[in-house]
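Me: I have a model here and would like to go through some of its features, one question at a time.

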Amino acid sequence: MERRYIKDILEKGKEEKVLVKGWVHETRELGKIRFLILRDVTGIIQVVAVKDNSEFKKMNQSRENVISVSGNLVKSKQAPGGIEIVPEKIEVIAEAEQPLPIDVSDFSKTELPKRLDYRFLDLHRKRTQAIFKIQSVISTAFREHFIKKGFVEFQPPSIISSASEGGTELFPAKYFEKNAYLAQSPQLYKQMIACSMEKAMTITPVWRAEKHNTIRHLNESRQMDIEMAFANQEIIMKELEEVIQYIVRQVIERCEKELDLLNVKLKVPKGVYLSYEEAIKKVKGKIGEDFTPEQEKKLCEMYPDSVVFTHSWPSSIKPFYIMPKNQEKNAKYTEGFDALYRGIEISSGGQRIHIPELLEKMIKKKGLNPKDFKSYIDSFRYGAPEHAGWSIGLERFTMVLLNLGNIREACMFPRDRDRLVP
Ligand code: AMO
């Protein structure tokens, strides 16, 4: 007999013979009846045996054992899903050593660090699975949206020769006789692609050697980036607003069960646009400084159910590649922006400098050496139009969307200051 998925059995609701495989979710004994809840990736189903059933003894399974059950489906008002299996044969496929090192129940009492030590087992939990099913819909929706719009998906290198996001925060990598680093972002590469193929997108890992441990930073994260030729700050912010709306709509449509389980209610957000100066004044911050996490939260509270764009940031706190206003080296403000959603920064981007001479000047102004960026600067010498783009942190976005208290909850195998395993 062919193995069937639980969801499919529940949907059909037909009394027939079936074979199911999965994990033991729960067992109970009520006098002469034994109940076993079996879980596969699609759902749970009840197995019931009375004392004279040949498999009665085998109903006494440890939690998370992997078993196969073949038997007859019987309609039952008390069973979750309205139908249950009376077993004819139960076989153990893999035993789970007991005691389990972490609590795998829905509302696990195990603390996050310990759960992450045993992430492979934490992934047995429906709650953890719900987070990553939703994350999979987020990245798929991102890709779908831009592929439909004619963007080309590219794969940037992960080993690079110089910094793209400022001189610090790099992981060195030995590359034969040369010094190299793990990529901090696909920034310089996506620009080269936009200047040839016009519309580029990628979902790619990046590495940042930030030493601090926070609830919103990882040392390895995934970025969802786009870059477009003949675009400026305004065009690219609109693209961001539209893709976030598309992603949220897809999550609402495709992940109803998972959102319920996580107790998350979502509304498709609208875009709100403020200049950096307006925004920093609203939260009583200091011009020339980044928003603190509290100020980001405060600003979002002023505009519920919105993506809050703060545009035209000061040059002093944006990367060297962001275009200054009026293409003027000494301009105080730039064509760079950040986007906040549900209290936290989820994206930043802007228009880039496509003029080699200006780029050299801005690199020097940031205290960096143009020689380290020669091939990047040279790439704009042979027909490079104005262009713009942005990046959304995939784990950051997932964390924000699902109200998770720590970004590590939104990363399957997090890499942070202390964690390199599993
Ligand atoms: P930025 O450095 O702002 O911009 O990163 C873009 C987005 O990536 C996420 N992010 C992180 N997530 C987890 N841990 C980290 N350490 C971390 N750092 C960043 C955030 C952030 O908004 N090249 C530019 C983008 C561009 O201009 O196109 C860049 O990397 O969600």
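Me: How many of the 10 residues of strand β4 are buried?
Reply: This is a predicted model, in which local features need pLDDT of at least 70 and side-chain atom pairs count only at pLDDT 80 or more, while totals for chains, interfaces and linings use all residues. Residues are numbered from 1 along each chain as its sequence is written, and side-chain values use heavy atoms, with hydrogens and water left out. Strands are DSSP runs of E of at least two residues, and helices are runs of H or I of at least four, numbered from the N terminus. Strand β4 covers residues 66–75 and is mostly covered, the number buried (under 20% relative accessible area, with exposed over 50% and partly exposed in between, for a 1.4 Å probe and protein chains only) being seven.

Me: Which residue in β4 is the bridge partner of Val 20?
Reply: Strands count as paired if DSSP finds at least two bridges between them. Strand β1 (residues 17–30) runs antiparallel to β4, joined by seven bridges. One of the residues bridged to β4 is Lys 17, whose partner is Asn 72; for Val 20 the partner is Val 69.

Me: Which residue in β5 is the bridge partner of Ile 67?
Reply: β4 also pairs with strand β5 (residues 83–94), in the antiparallel sense and over 10 bridges. In β5, the partner of Ile 67 is Val 92.

Me: In what order do the five strands close into a barrel?
Reply: The pairing in this barrel is mixed. Neighbouring strands are turned by 50° against each other on average, direction ignored. The order is β1-β2-β3-β5-β4.

Me: How many residues of the lining of the largest pocket are charged?
Reply: The lining has 50 residues, and the closest to the pocket centre are Glu 165, Glu 169, Arg 208, Glu 345 and Ser 348. Elements that each supply at least two lining residues include β10 (199–207) and β15 (344–351). Asp, Glu, Lys and Arg count as charged, Ala, Val, Leu, Ile, Met, Phe, Trp, Tyr, Cys and Pro as nonpolar, and the others, Gly among them, as polar. The lining divides into 16 nonpolar and 16 polar residues, with the charged ones numbering 18.

Me: Which residues is Pro 101 in contact with, leaving aside its neighbours within four places in sequence?
Reply: Pro 101 is found in the loop between β5 and α2 (112–117). Its relative accessible area is 35%, so Pro 101 is partly exposed. With contact meaning heavy atoms within 4.5 Å, the residues are Lys 114, Tyr 118 and Leu 121.

Methods
Axes fitted to C-alpha atoms, helices over the stretch in contact; angles between N-to-C directions. 1 Å grid on protein atoms, 1.4 Å probe; cavity = no way out; pocket = protein on both sides within 12 Å on 5 of 7 lines; lining within 4 Å.
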